Amino acid sequence: MFYDGQVLDWPGHGKFRASSGLPGHQMPDRYCAGDSGPIPPGYYKIMLADRGPAQDDGRHACALKPAWGMQSIPRGTAAGECEPYWANWGWNRARMEPADEATRHRCTPARGGFYLHDSIKGYSHGCIEVEGRIFPLLRTYSRGSHRDSMILLVRYVAGRSTYGGTRAAP
């Protein structure tokens, strides 16, 4: 898989609109900007093992517990009072971890805790927001290949926004 800042290309499976970073920070040179810039460039392992529904982290602050795999996000009545917060994640997420030392240490202090997720707000806090139609394909691929991860290369087009058109029309 390859992500150029606007499109996530999974050869043989499709191209998906994708965005990273907050509005005003969606430029490749902002990747070390804390929780506002896009995901740093480099190699990432996308963890595909099914970890079931995401869960509250127990602090009663509507924060999701980290998970090292793919999860569905509780929504609607299943999310209860956390619905407005968990809607920011979308319906699915898959953990992403740096796959090499260069990527792991691209920023100082290091950034992490990234996910591929399918919200439709047009931005992220450094994760990659991607079209939701990729998640059924990822689940089918994981089950059929018996692989629990795959590699994603993030390589930006210099000077081009990392907003890939993922915001839903109002």
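Here is a quick tour of some local features in this structure. It's a predicted model, so local features need pLDDT of at least 70 and side-chain atom pairs count only at pLDDT 80 or more, while totals for chains, interfaces and linings use all residues. Residues are numbered from 1 along each chain as its sequence is written, and side-chain values use heavy atoms, with hydrogens and water left out. Helices (H or I, at least four residues) and strands (E, at least two) are DSSP runs, numbered from the N terminus.

**Thr 162**

- Thr 162 sits in the segment after strand S10 (149-154).
- With a relative accessible area of 0%, Thr 162 is buried (buried is under 20% relative accessible area, exposed over 50%, partly exposed in between, using a 1.4 Å probe and protein chains only).
- The Thr 162 side chain reaches the backbone oxygen of Ser 20 at 2.6 Å.
- Leaving aside residues up to four places away in sequence, Thr 162 touches Tyr 3, Gly 5, Ala 18, Ser 19, Ser 20, Gln 26, Met 27, Pro 28, Pro 38 and Tyr 156 (contact means heavy atoms within 4.5 Å).

**Tyr 123**

- Look for Tyr 123 in the loop between S8 and strand S9 (128-130).
- Tyr 123 is partly exposed, at a relative accessible area of 26%.
- Not counting residues up to four places away in sequence, Tyr 123 touches Gly 21, Leu 22, Pro 23, Gln 26, Glu 129 and Thr 166.
- Tyr 123 and Gly 164 are 41 residues apart in sequence, and their C-alpha atoms are 9.1 Å apart in space.

**Salt bridges**

- Side chains of opposite charge can pair when their charged atoms come close.
- The count here is 8 salt bridges (a side-chain nitrogen of Lys or Arg within 4 Å of a carboxyl oxygen of Asp or Glu).
- Arg 75 pairs with Glu 83 in a salt bridge, with the closest N and O atoms 3.0 Å apart; Arg 75 is partly exposed, with a relative accessible area of 21%.
- Arg 95 forms a salt bridge with Glu 97, where the closest N and O atoms are 2.7 Å apart.
- In that pair, Arg 95 is buried at 8% relative accessible area, whereas Glu 97 counts as partly exposed at 22% relative accessibility.
- Glu 101 forms a salt bridge with Arg 104, the closest N and O atoms being 2.8 Å apart.
- Both Glu 101 and Arg 104 lie in helix H2 (residues 101-104), 3 residues apart, which is about one turn of the helix.
- Arg 104 is partly exposed, with a relative accessible area of 33%.
- Elsewhere, salt bridges that share partners join Arg 17, Glu 131 and Arg 133 into one network.

**Cavity and pocket**

- On a 1 Å grid over the protein atoms alone, a cavity is a set of points where a 1.4 Å probe fits but cannot get out, and a pocket is an open set with protein on both sides within 12 Å along at least five of seven lines; lining residues have an atom within 4 Å of a point.
- Grid points are joined across faces, edges and corners, and a volume is the space filled by probe spheres set on the points.
- The structure has 1 cavity of 30 Å³ or more, and the largest cavity holds about 40 Å³ of space.
- Residues lining the largest cavity include Pro 40, Tyr 44, Pro 98, Arg 104, Cys 107 and Phe 114.
- By class, the largest cavity's lining has 6 nonpolar, 1 polar and 3 charged residues (Ala, Val, Leu, Ile, Met, Phe, Trp, Tyr, Cys and Pro count as nonpolar, Asp, Glu, Lys and Arg as charged, and the others, Gly among them, as polar).
- The largest pocket comes in at about 350 Å³.
- Of the 13 residues lining the largest pocket, Trp 89, His 117, Ser 124, His 125 and Cys 127 are the closest to its centre.
- The largest pocket's lining splits into 5 nonpolar, 6 polar and 2 charged residues.

- The peptide bond from Thr 108 to Pro 109 is cis, with omega near 0°; Pro 109 is in the loop between H2 and strand S8 (114-117).
- Cys 62 isn't a glycine, yet its phi is positive, near 60°.
- You'll find Cys 62 in the loop between strand S5 (50-53) and strand S6 (70-72), where it counts as buried at 13% relative accessibility.
- His 146, also not a glycine, has a positive phi of about 60°.
- His 146 lies in the loop between helix H3 (134-145) and S10, and it is exposed, with a relative accessible area of 73%.

Conventions: Polar contact = N/O pair within 3.5 Å; in protein donor to acceptor, adjacent residues only side chain to side chain.
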